[in-house]
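Open the model in a viewer and keep the selection tool at hand.

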Amino acid sequence: MSDAQAWLALLGLGAFHGINPGMGWLFAVALGLQEQRRAAVLRALLPIALGHALSIAVVLLVIGVLKDVLPDAWVRWPVGLGLTGFGLYKLVRCRHPRWVGMRVSSLDLTWWSFLMATAHGAGLMLAPVLLGWRDGPAVEQASTHHEHMHHAGHHAQHAVEAAGGHAGHAQHLAELGASTPLLGLAATGLHTLGYLLVMGLVAVVVYEKVGLAILRKAWFNLDVVWAAALVITGIVTLTL
Amino acid sequence: MAARFRPDPTFYPSPTMAMQAPPEQLAYVVLLDPTGKQRPDAMAVVDLDPASKSFAQVVGQLDMPNIGDELHHFGWNACSACLCPYAPHPHVERRYLVVPGINSSRIYILDTQPDPKRPHIVRTIEPDEVFRKTGYASPHTTHCGPEGIYVSALGAPDGGGPGGIFMLDHETFDIRGRWEIDRGPQELHYDFWWHLGHDTLISSEWGTPSMVRNGLDAEALLAGKYGHALHIWDLRRRKHLERLELGAEQQMVLELRPAHNPTRPWGFVGVVVSLKDLSASIWLWFLENGKWQIKKVIEIPAEPADPALLPPLLKGFGAVPPLVTDINLSLDDKTLYVSCWGTGEFLQYDVSDPHNPKKTGSVHLGGIVRKAAHPSRPDLELGGGPQMVEISRDGRRVYFTNSLYAPWDAQFYPAGFDGWMVKLDIPEGGKGMTLDPNFFLQFEPGLRGHQIRLQGGDASSDSYCYP
């Protein structure tokens, strides 16, 4: 997996997590409606994003450490099988995490978001990106750099590189052979950025313009999509 | 349980949105054999579609497999609370009815699909299991809530206290155990509901199973031993916070009707009888400056009567107590309905200002002395009185039945009575009411109706997380 693909995958998964009503934006909207102020919507976003990021970071750090100390297959197989099994379980038993409480502090929101992301396996879903990404640059440098670039579409990579800053830094880390846990942290940051942007956008648009009636029409059962995504990422991990 | 791809169409984020729901087509009404010995209780399905040929008739009836359950209150497995933002699960179906027997402590789970007119039992939770897993008996009111299905219970298996709340899993209907973590001084129990926007649960007090099962215990009543307080709980931490005392003379604090708008921290509760003058009353609880308070906002006086016309229990008083046994609040939180089961009067109040209710309507039907007739059968004296009341989501139709609780029916209406159900039409704006002359349903002789649930939801089934 090239850096550009990894960046896009992380941002895309961030957007996918952000658009799920059960993962944050709906809670932010509810708090706004309760207080009758947009400020309450906005105030909820960062604590929710922080909880999400913490959940993701824990998973990616653990996988990152294991990746650096264990043979490749020893990590990929358990993670891949675990993901597939967890996804299949969620397809059959759509249990949801339990929580009661509308009167929440910022700390509550962070803890809530951490629990939701963890219970949904949000971090696990990013595992193949991390595992594949770590291999990507190394393989590229060693032998198949040009070939790989063609397949991946180097325009996208150039665009990300041109965007500079974080992207260049993380790629730099990868190419310098920085540890996988560090890459995991970079991945968490990028993923959370995509998550926060989409969650914030949806929350504000629903609060300001669309209204909650949309829930009745457009709240598709993401549980099934989510579970399917877990199974797919599990299989991807196994076949990396 | 099959999950839907889109939310159940009967779930609405807010009570205001729920008021736009289409009119109900069917009602489910529990029927009980007041002798508890002759035949099983039943679930009746009543046609509410005015365009239908079978309007105001029972179009389906499911007999339970046991005798003597005394079905009483019941409720839906899922409701608009499934849309709550902190644990949303809106793709479950409002499909199953949770139907406890107050005498047997048995709980039936009824499936209303595929044919809503032919509900059938899909699971029975036997009394032993209720006793073993909860330590409670006499399950009563059910509410679907954010964590699952909450069921109230009057007391312990030995007939004493404490009464409380236990939980059922909303997918498997397995008993998950007691709800309370810290019950404080709470002992008596009856109804419960909540303010979801304030993480607050309210519970009320009737009496333990042994105080109610054999009829109203006059001695206990005169000693002020029935419930006379409300309890405020932390819904999130399942912890008792506060006891709101109404005064020992205020006996039996029953139905709780918190504002449907989750941001409004107030609600109404009915008191059956005052020992001072046999009056009944409605109280308002409210949060002011961070403190929960309660005050009487409506008092309904007893009506003097010829002792010769009164049952033995009341002869000495020479008056009929109103006996407010049920109340209900419209989804816009503006109209309150009050059942006076003793005097046979049904009252309507404008509660736009909850601190100052204004009476806007009254209808007489049944009553211990009055025995008022229905317009469609002016010749027929009616027994029982207005009791379990349910309001359509749009607030334009109100339905009620006439039985309270078999052992108590026998004390206040010793001659017995037949079970009936009526409908009232309410004008837009919710002020005033008229009995629908085409809706006078007499149940199968020997059976009496109790709680009514409307297909798709009503004014006491759903709770909401959004204002």
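Which residues of the largest nonpolar core touch the most other members? The model is predicted, and in it this core has 195 residues. Select Ala28(A), Val29(A), Leu126(A), Leu130(A), Ala203(A), Val99(B) and Val324(B), which touch the most other members. Helix α9(A) supplies the largest share of the core, 12 residues.

Next, centre on Val324(B). Beyond its neighbours within four places in sequence, Val324(B) is in contact with Gly270(B), Val271(B), Val272(B), Ala280(B), Ile282(B), Ile300(B), Val338(B), Ser339(B) and Cys340(B). Another core, of seven residues, lies apart from the largest one; Leu314(B), Ile368(B), Phe412(B) and Tyr413(B) are among its members.

Now return to chain A and show α3(A), residues 38–69, together with α9(A), residues 180–210. Their axes come within 8 Å and cross at roughly 155 degrees. An angle over 145 degrees counts as roughly antiparallel, so α3(A) and α9(A) are roughly antiparallel to each other. The crossing is right-handed. Residues in this contact comprise 21 nonpolar, eight polar and four charged.

To see the contact, select residues including Trp7(A), Leu10(A) and Leu11(A) of α1(A), and Leu190(A), Leu193(A) and Met199(A) of α9(A). By class, the contact of α1(A) with α9(A) has 14 nonpolar, six polar and no charged residues.

Notes: Residues are numbered from 1 along each chain as its sequence is written. Chains are lettered from A and ligands numbered from 1 in the order in which they are written. This is a predicted model: local features need pLDDT of at least 70, side-chain atom pairs count only at pLDDT 80 or more; totals for chains, interfaces and linings use all residues. Axes are lines fitted to C-alpha atoms, for helices over the stretch in contact, and angles run from 0 to 180 degrees between N-to-C directions. Helices (H or I, at least four residues) and strands (E, at least two) are DSSP runs, numbered from the N terminus. Angles under 35 degrees count as roughly parallel, over 145 as roughly antiparallel, 65 to 115 as roughly perpendicular and the rest as oblique. A crossing is left-handed if the near helix is turned anticlockwise from the far one by less than a right angle, and right-handed if clockwise. Ala, Val, Leu, Ile, Met, Phe, Trp, Tyr, Cys and Pro count as nonpolar, Asp, Glu, Lys and Arg as charged, and the others, Gly among them, as polar. A nonpolar core is a set of buried Ala, Val, Leu, Ile, Met, Phe, Trp, Tyr and Cys residues joined through C-beta atoms within 7 Å. A residue is buried if 20 or more other C-beta atoms lie within 10 Å of its own, exposed if 12 or fewer, and partly exposed in between; C-beta atoms are placed from the backbone. Two residues are in contact if their C-beta atoms, placed from the backbone, lie within 7 Å.
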